[in-house]
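Here is a short briefing for a reader new to this structure. It takes up the disulfide and then one of the sheets.

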Amino acid sequence: QVQLVESGGGLVQTGGSLRLSCAASGSGFSTKVMGWYRQAPGKQRELVAQITSTGDTHYSDSVKGRFTISRDSAKNTVYLQMHSLNRDDTALYYCNAIVFDWGADSALDAWGQGTLVTVSS
């Protein structure tokens, strides 16, 4: 079973930076894609950024040029470095991993519990 634990959220002023981390733990799986989603109050959850096991990245248009996703495959950890934060970035940020479960012989979608990012003016 895969468990995702996020850290790094908090309160930051407009224009500031934060770094989120997400570590995947457990056994019997390999991570294929790791990423971050966010959900602002009253809005649907949206994709922020993803990174594949080969290092390919994808960003939503709203964060391109400001956010950088990276991963440490040896540690099964994904990071989201966020710069030039603004109030529209305020949301609960969820870590996501698409993993291959060897025991189930199938792909699974795992989610963290979320970490809150609040950007104040």
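The torsion about the S-S bond of Cys22 and Cys95 is about -85 degrees, so the disulfide is left-handed. A disulfide here is a pair of cysteine sulfur atoms within 2.5 Å. The model is predicted: local features need pLDDT of at least 70, side-chain atom pairs count only at pLDDT 80 or more, and totals for chains, interfaces and linings use all residues. Residues are numbered from 1 along each chain as its sequence is written, and side-chain values use heavy atoms, with hydrogens and water left out.

**Disulfide**

- The structure holds one disulfide, and the S to S distance between Cys22 and Cys95 is 2.0 Å.
- Cys22 belongs to strand 3 (residues 18-26) and Cys95 to strand 9 (residues 91-101), so the pair ties together parts that are 73 residues apart in sequence.
- Strands (E, at least two residues) are DSSP runs, numbered from the N terminus.
- Both Cys22 and Cys95 are buried, that is, under 20% relative accessible area (1.4 Å probe, protein chains only).

- Four strands form an open sheet in the order 1-3-8-7, with antiparallel pairing.
- Strand 1 (2-7) and strand 7 (67-72) stand at the edges with a single partner strand each, so one side of each is left without a neighbour in the sheet.
- On average, neighbouring strands of this sheet are turned by 15 degrees against each other, direction ignored; axes are lines fitted to C-alpha atoms.
- Two strands pair if DSSP finds at least two bridges between them.
- Strand 3 pairs with strand 8 (residues 77-82) in the antiparallel sense over six bridges.
- Ser21 has Tyr79 in strand 8 as its bridge partner.

Conventions. Buried means under 20% relative accessible area, exposed over 50%, partly exposed in between (1.4 Å probe, protein chains only). Axes are lines fitted to C-alpha atoms, for helices over the stretch in contact, and angles run from 0 to 180 degrees between N-to-C directions.
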